[in-house]
Amino acid sequence: MLKGLLVDLVPYGKAFLENDHEWENGIARFWSNLGECPIVSRAQVEARHQEWFESNESYLGVPFGVQTKDGIPLGYFGINWMVPHCRSVMVGAVINDPDYWGGGYGTDALLLLMDYAFDWLDMRKVWLGTMSLNERVMRQMEKVGFTLEVRQREAVYAAGEWHDSLLYGLLRDEWPGRAALIERFGLQARPE
Amino acid sequence: MIEGHLVDLVPFEDDFAIHLAAWMNEEAWFRTMIYDRREPHTENDVKKYIEKMEKNKRGALFGYQTKNGDPIGGVIYDYQGDRVWKADVMSFAGDTRYEGTDEQFDGLLMLIRYCFETRNLYRLEGAALAFDTVKIEQFQRAGFTHEGTLRQHIRWGGDYVAVEMFGLLHREWPGYDSMIEALGLQSSAIEPKPKPEKLEKKD
């Protein structure tokens with residue numbers, strides 16, 4: 001478990017898998033899946049879980065569930081793709097309940113994940129993608145110190161319009177460390 | 001076969017498959033497959049790769065050859081989206097004598113033609129290592145826009161190098177015939193390779 005101030009990163013186990021049906025049909029997926037609005041049955045979600053469990057393909061990712069300090073499952077934060085010889089990881093994230101957006105939960109989880117990538121896995125680059133419609137994530141990337149490296153024109157179709165796909169990167173020597181950013185953002189533990 | 005101006009697109013089989021055992025261990029391959037770990041590829045790896053690409057529902061590998069049938073290399077589109085019709089495009093000159101020639105460039109144009117004019121894709125994406133000036137010039141000459149740089153992204157020869165990212169929208173593509181008319185591609189008149197031994201035996 002990776003312990004933060006507002007959230008912990010834990011194995012993506014039963015408590016999270018049980019929520020996946022509701023989450024996959026929820027509004028958060030529109031933002032995390034670049035405009036996709038999945039409408040999926042419980043059986044489809046379970047089949048996907050089964051496929052995941054039984055997959056023999058080498059999977060160079062590290063999935064975490066993110067939960068509040070008193071154990072409420074919120075979503076997924078994880079390494080979606082690792083390229084060990086380039087020492088780079090592409091990360092993905094979603095907080096499913098909109099009530100937990102904007103309260104520092106996502107920032108706390110992201111700092112934990114980046115600390116894990118740099119200080120435990122010894123990576124030297126963290127990168128991720130979003131869409132130009134997602135101003136909340138764009139603000140967060142700038143706040144944490146990511147550089148917008150690539151703007152792929154009209155690579156995303158969301159809500160009936162074309163948007164750009166944005167790729168952000170942060171190098172190890174640009175990473176001030178989790179403690180420094182916690183102090184800069186004034187993140188503090190709070191009673192649940 | 002789809003016939004082009006200097007090259008034709010053909011199935012990646014027969015002498016292409018034989019050549020690939022050597023091509024997959026050449027630098028041109030690793031410059032194209034930018035995330036490849038530069039491991040030695042055995043004949044079995046080559047066979048598996050071709051089989052994987054033949055089963056690939058989101059992409060394909062084609063061979064491209066000169067008008068007199070000399071295999072040059074491969075062109076690939078991959079990771080086609082199911083909702084957003086875009087794909088990554090890659091091309092390599094396995095026969096390095098063709099590196100930077102108009103035959104190699106025509107291979108890229110033929111791939112773009114196939115993606116836009118046959119598959120009706122909306123957007124194509126290309127990537128090139130920052131020092132790969134041939135590939136960068138080819139993307140730009142084909143009309144791609146430079147959309148950014150993935151900094152220090154790939155481990156290469158003891159250093160970390162950037163990846164230049166390019167994009168081309170369907171509406172920006174004037175059509176293959178217009179491109180050929182505008183660009184005036186010239187044949188390099190390279191002497192064809194001898195046919196691989198296995199094929200000669202078949203004949």
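Hi everyone. The area buried between chain B and chain A comes to about 2,400 Å², and carbon and sulfur atoms give 47% of that. Please keep in mind that this is a predicted model.

Let's stay with that interface for a moment. On the chain B side, 26 residues are in contact with 27 residues of chain A. How many salt bridges are there across the interface of chain B and chain A? The rule finds 6. If you'd like one to look up on screen, take the side chains of A:Glu36 and B:Arg83, which meet in a salt bridge at 3.7 Å, N to O.

Which elements of chain B give two or more residues to the side that touches chain A? They are β6, β7 (145–156) and β8. Of these, β7(B) gives the most, with 10 residues. By residue type, the side of chain B that touches chain A divides into 9 nonpolar, 6 polar and 11 charged.

Now over to helix α5 of chain B, residues 133–141. Here B:Lys135, B:Ile136, B:Gln138 and B:Phe139 are buried. Why do these four sit on the same side of α5(B)? Because they cover an arc of only 165° around the axis. As a reminder, an α-helix has 3.6 residues a turn, so residues three or four places apart point the same way.

The cover over the buried residues of α5(B) includes α2, β5, α4, β6 and β8 of chain B.

Conventions
Residues are numbered from 1 along each chain as its sequence is written. Chains are lettered from A and ligands numbered from 1 in the order in which they are written. This is a predicted model: local features need pLDDT of at least 70, side-chain atom pairs count only at pLDDT 80 or more; totals for chains, interfaces and linings use all residues. Side-chain values use heavy atoms; hydrogens and water are left out. Buried means under 20% relative accessible area, exposed over 50%, partly exposed in between (1.4 Å probe, protein chains only). The arc is that of the directions from the helix axis to the C-beta atoms. Contact means heavy atoms within 4.5 Å. Buried area is the accessible area (1.4 Å probe) that two parts lose on being put together, summed over both. A salt bridge is a side-chain nitrogen of Lys or Arg within 4 Å of a carboxyl oxygen of Asp or Glu. Ala, Val, Leu, Ile, Met, Phe, Trp, Tyr, Cys and Pro count as nonpolar, Asp, Glu, Lys and Arg as charged, and the others, Gly among them, as polar.
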